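Subject: Structure handover

Hello,

Please find the structure below. My notes on what was found in it follow.

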Amino acid sequence: MKRIATALSLALLLAFSAQVARAQTLQTVKQRGQLICGANGTLGGFGLPDPQGNWTGFDVDFCRAIAAAIFNDPSKVKFVPLTAGNRFTALQSGEVDVLSRNTTWTMSRDTTLGLDFAAVTFYDGQGFMVHKSLKVSSALELNGASVCVQQGTTTELNLADYFRSHQMALKTVTFATADEATKAYDSGRCDSYTTDSSQLYSERLRLTNPDDNIVLPEIISKEPLGPAVRQGDDSWEDLVRWTHHAMLDAEELGVTKSNVDEQLKSANPETRRLLGVEGQFGQSIGLTNDWAYRIVKYIGNYGESFDRNVGQGSPLKIVRGLNALWTKGGLQYGLPVR
Amino acid sequence: MAAMADTPVLYVRTAPAEQLPPPIASTGFIGWLRANMFSSAGNTILTLAFAALIFWAVPPLVRFLFIDAVWSGPNREVCLASPAHPEPGACWAFVRVWLSYFIYGFYPIAERWRVDVFFAALALGIGWLGWLSAPRRDLGALYFFVILPVLSFILLYGFPALGLAAVPTNLWGGVLVTIVVATVGIVASLPIGILLALGRRSELPAVRWFAIGFIEFVRGVPLITVLFMASVMLPLFVPQQLEPDKLLRALIGVAMFASAYMAEVVRGGLAAVPRGQYEAARALALTYWRMMGLVVLPQALRVTLPNIVNIFIALFKDTTLVFVVGIFDFLRAIEAARGDPRWATPVTATTGYAFAALFYFIFCYGMARYARSVEVRLSRSDRR
């Protein structure tokens with residue numbers, strides 16, 4: 001009994017010392033000379049190395065933006081491929097500094113896993129894809145439609161709820177894997193296919209004639225994806241959060257990768273504050289004042305990163321939708337730098 | 001002459017005999033067909049059914065894999081259906097572009113030569129030991145069991161003192177991981193399995209109970225469970241600083257699992273050795289280890305060889321399960337690559353899996369063929 005108590009207190013002590021070590025993430029990263037970023041590694045458009053081993057993707061660019069802000073060099077990131085099962089452990093144990101792996105921000109994750117979400121970088125959610133020949137332009141016109149869905153997922157439940165709440169008849173056709181569901185939809189076994197909208201776009205590329213299919217505008221579930229950091233290091237969380245908002249602000253102010261040097265001479269006070277011409281905002285998060293300039297210089301603004309990785313400039317061609325700036329009917333709202 | 005004419009004639013053929021049908025061919029192609037394919041009504045039906053099956057399955061497969069296949073190209077466009085190419089076949093261009101990722105995973109490009117050297121060193125070791133009439137096989141064994149593991153570790157994991165930068169195992173992937181896991185599992189399971197089998201037949205209760213407990217416990221749970229336990233529970237038992245590497249944990253799990261099965265197979269072989277052999281060895285005053293090493297095990301292993309190879313083959317394919325603990329083996333690398341939007345087409349996944357099937361088939365069939373040849377060689381003494 002006594003031995004167990006000793007072992008327990010030892011374990012607590014270890015856990016506590018690990019906790020203390022966590023508080024200094026930025027310092028650790030600077031000393032190491034490299035940011036360690038937990039990424040997906042298997043999700044095209046978000047986190048996937050190319051055949052040469054260079055990581056690309058929307059979530060990957062976010063980590064590169066942090067590295068650019070800290071080191072003035074977007075290549076000072078080490079990417080650690082994580083699975084859905086080990087991602088939180090990797091963050092908790094300090095294996096990675098930031099988790100940027102299409103992770104949904106939910107209350108239970110935020111409150112019970114010892115981590116904090118810093119921002120929502122991508123508003124995802126369940127959507128519908130239909131054959132164009134169906135001549136449907138809204139999910140509300142899907143009454144009586146047969147819908148292909150992967151079984152045993154929340155996707156299946158959301159689907160049933162949505163159809164029931166809109167008093168529409170539903171015929172679900174379930175499959176064990178997304179692959180089978182896509183094949184079945186492609187062969188015409190269902191009128192529609194439902195899963196998270198970012199995935200709908202990538203599944204669309206696997207269809208025989210991608211252009212004969214459209215993704216409907218309705219999003220019926222909330223999947224806010226964003227980067228997470230360990231709980232207990234507020235200044236590091238600030239840095240990660242403001243990296244996202246700097247990219248949003250840059251897009252809103254029209255600052256792009258190509259014009260950022262001219263924008264340094266801008267008379268707009270918001271631009272001047274963002275790019276560090278005025279104010280000491282970089283220092284307040286432990287960086288130099290040109291931190292946001294570096295982000296835009298190397299990575300570009302939010303819209304550029306979106307287009308390049310998942311938007312119109314990529315094979316996925318995901319529409320901005322909810323991820324448009326608030327000024328254009330979306331939800332992405334850059335907080336003011338002042 | 002006249003007397004002959006008086007003799008009553010009993011039988012005279014007045015017309016040429018009717019020609020008999022030619023005998024049923026028992027040689028040549030027709031004869032072979034008759035004997036093997038159409039020897040009875042049941043066999044005829046089976047033959048026709050299989051002929052139909054082959055005719056139905058093979059031509060489309062050949063057309064998909066070879067005739068309609070796309071061998072090179074810059075992106076997904078080449079693998080899509082087009083007016084000139086209405087039925088898209090296998091997208092080998094995708095495999096070509098991603099091949100290095102399938103082989104090395106995330107291993108840094110500048111360091112990939114180390115993996116190549118490892119493959120070559122491993123091939124040398126396997127060749128040296130596997131080719132039964134190779135020179136100095138004693139040196140080969142020393143090389144394979146002592147030098148090669150150290151060399152592989154230094155090469156793959158890195159050794160900064162020698163100028164080889166450390167490459168943490170989370171960057172390993174693809175064929176490299178599959179080969180490492182399978183090789184470690186195979187090489188570790190045979191000796192451990194033999195020891196466990198001997199332990200299970202031991203007269204010392206402590207040894208016997210440990211062996212029985214280990215074997216039954218590990219055999220009683222699926223490999224996935226063993227892997228999960230090795231990767232999740234092992235770190236709980238050791239201090240944080242000593243926490244074993246993730247790949248190492250999986251290697252331990254795989255080796256444990258394979259050893260338990262190996263032990264049971266070897267025990268079967270030990271039981272098949274007649275009691276007289278043990279007694280004769282004892283009568284010659286051989287010690288326990290000499291008795292086992294010189295008399296019993298050579299006979300036991302010979303009869304169990306097919307089963308041992310069976311375990312090796314099963315283990316090689318089971319390595320794909322390491323993905324559940326987040327390790328990127330060959331199959332997982334293919335699954336990751338097929339998510340690349342630059343190559344997403346209706347045929348990408350199929351092509352990737354076809355490639356995986358080919359890879360696993362070559363290795364498993366190679367092992368089976370090799371085992372067969374060794375078996376033939378070992379059974380010469382039984383031939384009458």
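Which residues of H8(A) are buried? They are A:Ser197, A:Ser198, A:Gln199, A:Leu200, A:Tyr201, A:Ser202, A:Glu203 and A:Arg204. A residue is buried if 20 or more other C-beta atoms lie within 10 Å of its own, exposed if 12 or fewer, and partly exposed in between, with C-beta atoms placed from the backbone. Helices (H or I, at least four residues) and strands (E, at least two) are DSSP runs, numbered from the N terminus.

Some background before the rest. This is a predicted model, in which local features need pLDDT of at least 70 and side-chain atom pairs count only at pLDDT 80 or more, while totals for chains, interfaces and linings use all residues. Residues are numbered from 1 along each chain as its sequence is written, and chains are lettered from A and ligands numbered from 1 in the order in which they are written.

Back to the helix. Eight of the eight residues of helix H8 (residues 197–204) of chain A are buried, so this helix is largely enclosed by the rest of the structure. Its buried residues pack against strands S7 (122–124), S8 (126–131), S11 (192–196) and S12 (213–215) and helix H7 (178–186) of chain A.

Chain A

Chain A has 14 helices and 14 strands. Of its 338 residues, 46% count as buried. The radius of gyration (taken over C-alpha atoms) is compared with a globule rule of 2.2 Å times the number of residues to the power 0.38.

Seven residues of domain 1 are in contact with five residues of domain 2 in chain A, where contact requires C-beta atoms, placed from the backbone, to lie within 7 Å.

Chain B

Chain B has 14 helices and zero strands. Its radius of gyration is 30 Å, whereas a compact globule of 384 residues would have one near 21 Å. The C-alpha trace of chain B spans about 125 × 80 × 40 Å along its principal axes. Of the 384 residues, 31% count as buried.

Between the chains

In total, 23 residues of chain B are in contact with 27 residues of chain A. H4(B) gives the most to the side of chain B that touches chain A, with four residues. That side divides into 13 nonpolar, six polar and four charged residues. Here Ala, Val, Leu, Ile, Met, Phe, Trp, Tyr, Cys and Pro count as nonpolar, Asp, Glu, Lys and Arg as charged, and the others, Gly among them, as polar.

The core

A nonpolar core is a set of buried Ala, Val, Leu, Ile, Met, Phe, Trp, Tyr and Cys residues joined through C-beta atoms within 7 Å. The largest one has 162 residues, of which A:Cys63, A:Ile295 and B:Ala250 touch the most other members. Helix H10 (residues 246–272) of chain B gives the most to this core, with 15 residues. Domain 1 and domain 2 of chain A both give residues to this core, so it lies between them. Leaving aside neighbours within four places in sequence, A:Cys63 is in contact with A:Leu35, A:Cys37, A:Ala39, A:Val77, A:Val98 and A:Ser100.

Regards

Notes: Contact = placed C-beta atoms within 7 Å. Domains from an automatic or database assignment.
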